[in-house]
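Visitor: I'm new to this one. Can you walk me through a few spots?
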Amino acid sequence: MASETVNPSDDKLTDSRLDDGLDTGLDPAFALHRGGKMAVTATVPVRDRDDLSLAYTPGVARVCAAIAERPELVHEYTWKSQVVAVVTDGSAVLGLGDIGPEASLPVMEGKAILFKQFGGVDAVPIALDCRDPDEIVETVARLAPSFGGINLEDIAAPRCFEIERKLQERLDIPVFHDDQHGTAVVTLAALRNAARLTGRALADLRVVISGAGAAGVAIAKILLGAGIGDVVVCDRRGIVSADRDDLTSVKRELAELTNGTGLTGSLETALTGADVFVGVSGGTVPEPAVARMAPGAFIFAMANPDPEIHPEVAARHASVVATGRSDFPNQINNVLAFPGIFAGALRVGAKRITESMKLAAAEALAAVVADELAADRVIPSPFDPRVAPAVSAAVAEAARKEAVTR
């Protein structure tokens, strides 16, 4: 894939087709997005008759016949082994919510160019005009022969869980819901380094997660898998606990896995004495509740654009503060994870992305800055060139060890 930057001074900015009824003015975001942010480019030349006869007919027929006889050759003689479909239904786009498939396309294009920029992986945005989980599964499964991996993106909970599970069962290529697992990997990496910086063991930490959607569920599971001592998850109605009769099937499972001390009540109750706050929900946590946390706490308030706890407030009560924003230190950004995870999985022909592969990605990501730790540097920058190669190598090695490679 290739991206094209539009000059803000381009006279196309006055194009009435876009400006009619929209106050775009000289907004650089509109200037950059005009015509889209990506294009398909050829990797082989077609300069003359000989080139054409190899790239297309008759030469292409020999390759097709070989793949028909030995289907595994598709990974070697097409782009399948290095391309990912970025699939959404437009139901949970960034902080914008349910804006539909067409309006989601600028985000999906952005995701695709991040795959290429940071992981060297080609990606194709696919926005689906359907919401039924089985319809989405069927559509993606029918498209799957063209791709080496499926990145599910911005699909609302709880159907995102069902869609991912069914596709994982049906396909023999990696299926990865980045809103869940990418967020979880980067959160764990930052938490590992915060613990290292302050001389604490993961097993001694009590973590409170605000938000029981896609990201919250995945974060809870990966933290437990990494050995965190106690995890409590809260939704809009308070602590997700086994005594509640209003839980979805996903939250019932979560209640069985978390909250080992049997807490009940509000988020404020959960925060009392907590070592870590992880916010993936939005809203605002009152400062008196923050003040109840244990001394030297870690606060990862990741809602965008408004963190659940503003960094200035968090800094008064925590030793390490992270957000989802790029204008504060310690940005928890999925781009630190998904390009390297897919690059590693595709490199070794992984059939799926396992929990061990995600844990390996988190450890590798944390290790990038393990010798440079500071309160404002527990996670590397997305532009650190060491990130994607480190994550990719760790994921590939974990896939080999688990024997999930092709």
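Visitor: Where is Ala274 found?
Guide: This is a predicted model. In it, Ala274 sits in the loop between helix H12 (267–271) and strand S8 (276–279).

Visitor: Is Ala274 buried or exposed?
Guide: Buried. Its relative accessibility is 0%.

Visitor: Which residues does Ala274 touch, leaving out those up to four places away in sequence?
Guide: Arg206, Val208, Met293, Ala294 and Ala297.

Visitor: And how many residues separate Ala274 and Leu205 in sequence?
Guide: 69. In space, their C-alpha atoms are 7.8 Å apart.

Visitor: Let's switch to helices. How are two packed helices described, in general?
Guide: By the angle between their axes and by the distance between those axes.

Visitor: OK, at what angle do H9 and H10 pack?
Guide: About 45°, with the axes 8 Å apart. H9 covers residues 178–198, and H10 covers residues 214–225. The two helices are therefore oblique to each other.

Visitor: Which residues make that contact between H9 and H10?
Guide: From H9, they include Thr183, Ala184, Thr187 and Leu191. From H10, Ala218, Ile219 and Ile222 are among them. By class, the contact has 10 nonpolar, 4 polar and 1 charged residues.

Visitor: Is the crossing of H9 and H10 left-handed or right-handed?
Guide: H9 passes H10 in a right-handed crossing.

Visitor: What about H9 and H16, how far apart are their axes?
Guide: 8 Å, at an angle of about 45°. So H9 and H16 are oblique to each other. H9 passes H16 in a right-handed crossing.

Visitor: Which residues of H9 and H16 are in contact?
Guide: On the H9 side, they include Val186, Ala189, Arg192 and Arg196. On the H16 side, Lys358, Leu359, Ala362 and Glu363 are among them.

Visitor: How do the residues of that contact divide by class?
Guide: For H9 with H16, into 10 nonpolar, 2 polar and 4 charged.

Visitor: Now H6 and H15. At roughly what angle do they cross?
Guide: Roughly 70°. H6 (residues 101–119) and H15 (residues 338–347) have axes that come within 9 Å. That angle makes H6 roughly perpendicular to H15.

Visitor: Which residues meet there, between H6 and H15?
Guide: H6 brings Lys111, Leu114, Phe115, Phe118 and Gly119. H15 brings Phe338, Pro339, Phe342 and Ala343. The classes are 7 nonpolar, 1 polar and 1 charged.

Visitor: What is the handedness of the crossing of H6 and H15?
Guide: Right-handed.

Visitor: Which residues does Ser392 touch, again leaving out those up to four places away?
Guide: Gly340, Ala343, Gly344 and Arg347. Ser392 itself lies in helix H17 (residues 387–402).

Visitor: How far is a polar side-chain atom of Ser392 from the backbone nitrogen of Gly344?
Guide: 3.2 Å.

Visitor: Why does Ser392 count as buried?
Guide: Because its relative accessibility is 4%, and buried means under 20%.

Visitor: Last stop, Asp384. Where is its place?
Guide: In the loop between helix H16 (355–368) and H17.

Visitor: Buried or exposed, that Asp384?
Guide: Asp384 is buried, with a relative accessible area of 12%.

Visitor: With which side chain does the side chain of Asp384 make a polar contact?
Guide: With that of Arg386, at 2.7 Å. Setting aside neighbours within four places in sequence, Asp384 is also in contact with Val368 and Arg377.

How values were computed. Residues are numbered from 1 along each chain as its sequence is written. This is a predicted model: local features need pLDDT of at least 70, side-chain atom pairs count only at pLDDT 80 or more; totals for chains, interfaces and linings use all residues. Side-chain values use heavy atoms; hydrogens and water are left out. Axes are lines fitted to C-alpha atoms, for helices over the stretch in contact, and angles run from 0 to 180 degrees between N-to-C directions. Helices (H or I, at least four residues) and strands (E, at least two) are DSSP runs, numbered from the N terminus. Angles under 35 degrees count as roughly parallel, over 145 as roughly antiparallel, 65 to 115 as roughly perpendicular and the rest as oblique. A crossing is left-handed if the near helix is turned anticlockwise from the far one by less than a right angle, and right-handed if clockwise. Contact means heavy atoms within 4.5 Å. Ala, Val, Leu, Ile, Met, Phe, Trp, Tyr, Cys and Pro count as nonpolar, Asp, Glu, Lys and Arg as charged, and the others, Gly among them, as polar. Buried means under 20% relative accessible area, exposed over 50%, partly exposed in between (1.4 Å probe, protein chains only). A polar contact is a pair of N or O atoms within 3.5 Å; within protein, one must be able to donate a hydrogen and the other to accept it, and residues adjacent in sequence count only if both atoms are side-chain atoms.
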